[in-house]
Amino acid sequence: MARYGLDEREWQALEDEVLDLFTALLRVDTTNGNETEAARVVQGYLAENGVESELDGEVPERKSLVARLDGARPGRALTMMGHLDVVPADAAEWSVPPFGGVVKDGYVWGVGAVDMKNQVAAEAVAVARLARSGAPFAGTLKYAATADEEIGEFCGVQWLCEHRPDALRADYCINEGMGGLWLPVDGKKVFLLAVGEKAFAQFLIRTRGRGGHGSVPEKERSAVIDLARAVTALGLADPPAIVSGTTATFIDALVPDATLRTRLKDPATARAAGAELRRLDPVVAGLVEPLFGATFTPTVLSAGKAVNVIPTRAEACIDCRILPEMERDDVREFVAEVLDPLGIEWEFEWVDVTTPNASPPATPLTGSIERVLRRDVPDAVLAPMTSGSFTDSRWVREAFPDMVAYGFAPYVAESFHAMDGGRDHEPDERILVEDVTYQALFFERLVKDLLA
Ligand SMILES: [Zn+2]
């Protein structure tokens, strides 16, 4: 029986090769660090396949691996990258040891199974297979298994961009994101393709008031009461909707109902239509609604130390995320529009601001992804989208403005709904053996197609 164009024996050999490397990586605990040990696992595997690599970075236990494979003829360059670190896991919440690299019930289990040692392993296997078959492509394939994505202490991709730009610079880049997950829509499989990401525009609001003894209430100028009003107003406010071209195309791909689609794409009706979509399909609404503009989520509140003392100041942190189409000044303006009518005095301070970033959605890389995927999944449709979370793609987009970077690793068997909207950063993180095996095959074929 043929599977994705391979006969049973070829598929089994590929599966064994992927699982060997993947489970070895899962067994190295890289909770926010210790990436060098995992990078050495990849280095050993690549060396066995005749591919030289280097470990680079200033922190000895937090190095990244970089490698390159030159094709038979000159041509363009593609970088395939992925991070080796993972987020902390509580073993008590898991049904298997989180760093056991367990293969069971058709799945591979472990922290990093989908975020993203799967892709690190699949890309490495693609590199090895291409090297073994004589690098049958034009141009250059670069590979990077990097440190420090989850906390961002400047020793991973950001460091490489600054100190080893040649290791990453290319025409195209494939990385993580939400890309590769699929949803069934109208009898088709709609695959997400992450072409951009929202950014942090986190800020704090500070109010000041008269202090005093708690036994004598202060209602005119209370820092706490004023802050509570500000938090309520901001937390419940919906900024005017924006519907970018990418978002409109994304809605077209994901929403089968034509009238609902029209209202979602009209900024005047988008918010109300989003609420309707939430009742119909919360998973799709969770992807679409954050794309209508900035989001404002009050998180950390602080004021006062003693119950009987009226504090003179109070602060609230707001986790705000903005779209690639927005500037941080838009956020300040909107905050003023919401808070000024309250008649309170307030101060504004940025907490953490990153740059929203995106690559154009229609490029030769999109064409290659679509061609390769459709050969194996004939009813596949690509839906370019802006992802709500950030990845290392922002560093390469910033360092190399002409480089097209997408998040994509296809899950051909298990759907986004079956995965409950993704499994990253959750207990029992796992991936189907079939999906991670296919990912290796996909990356190999993608290189041959794109660098033809
Ligand atoms: Zn990740």
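Which residues does L26 touch, not counting residues up to four places away in sequence? L26 touches F99, G101, G110, G112, A113 and K117. Contact here means that the C-beta atoms of two residues, placed from the backbone, lie within 7 Å. L26 lies in helix α1 (residues 8-26). Helices (H or I, at least four residues) and strands (E, at least two) are DSSP runs, numbered from the N terminus. L26 is buried, with 27 other C-beta atoms within 10 Å. The cut-offs are these: a residue is buried if 20 or more other C-beta atoms lie within 10 Å of its own, exposed if 12 or fewer, and partly exposed in between, with C-beta atoms placed from the backbone. L26 and A362 are 336 residues apart in sequence, and their C-alpha atoms are 35 Å apart in space.

The model is predicted; local features need pLDDT of at least 70, side-chain atom pairs count only at pLDDT 80 or more, and totals for chains, interfaces and linings use all residues. Residues are numbered from 1 along each chain as its sequence is written.

Now the whole protein. It has 14 helices and 19 strands. Its radius of gyration is 24 Å, close to the 22 Å that the globule rule gives for 452 residues, so the protein is as compact as a globular protein of that length. That radius is taken over C-alpha atoms, and the globule rule is 2.2 Å times the number of residues to the power 0.38. Along its principal axes the C-alpha trace spans about 80 × 55 × 45 Å. Buried residues make up 47% of the 452 residues. Take the contacts between residues at least 6 apart in sequence: 78% of them join residues at least 24 apart.

Next, the domains. The domain assignment gives domain 1 (8-178 + 364-376 + 385-450) and domain 2 (197-353). Such bounds come from an automatic or database domain assignment. The C-alpha centres of domain 1 and domain 2 lie 35 Å apart. Their contact takes 12 residues from domain 1 and 13 residues from domain 2. On the side of domain 1 that touches domain 2, β17 (380-387) and α13 (393-399) each supply at least two residues. The largest share of that side, three residues, comes from β17. Its residues divide into three nonpolar, eight polar and one charged. In this count Ala, Val, Leu, Ile, Met, Phe, Trp, Tyr, Cys and Pro are nonpolar, Asp, Glu, Lys and Arg are charged, and the others, Gly among them, are polar.

What about the interior? The largest nonpolar core has 135 residues, of which A124, V127, L193, L254, A383 and V447 touch the most other members. This core draws at least three residues from each of domain 1 and domain 2. A nonpolar core is a set of buried Ala, Val, Leu, Ile, Met, Phe, Trp, Tyr and Cys residues joined through C-beta atoms within 7 Å. Look at L193. Leaving aside its neighbours within four places in sequence, L193 is in contact with G179, T366, I369, L382, A383, P384, M385, Y406 and F408.

Turn to the strands. Two strands pair if DSSP finds at least two bridges between them. Strand β1 (residues 53-56) and strand β2 (residues 64-70) run antiparallel, joined by four bridges. There, D56 has S64 in β2 as its bridge partner. Strand β2 is mostly covered, with five of its seven residues buried. Six bridges join β2 to β6, again antiparallel. L65 pairs with A145 in β6. Strand β6 (residues 138-146) also runs parallel to β3 (residues 73-83), through eight bridges. L78 stands opposite L141 in β6. On to β7 (residues 172-175): three bridges join this strand to β3, and the two run parallel. M80 has I174 in β7 as its bridge partner.

Finally, the backbone. Most residues other than glycine have a negative phi, and most peptide bonds are trans. A cis peptide bond joins D115 and M116, with omega about -10 degrees. M116 is found in the loop between β5 (107-109) and α3 (117-132). A135 lies in the loop between α3 and β6. Its phi is near 50 degrees, a positive value in a residue other than glycine. A135 is buried, with 20 other C-beta atoms within 10 Å. D428 is not a glycine either, yet has a positive phi of about 55 degrees. D428 lies in the loop between β18 (404-407) and β19 (430-432). This residue is partly exposed, with 16 other C-beta atoms within 10 Å.
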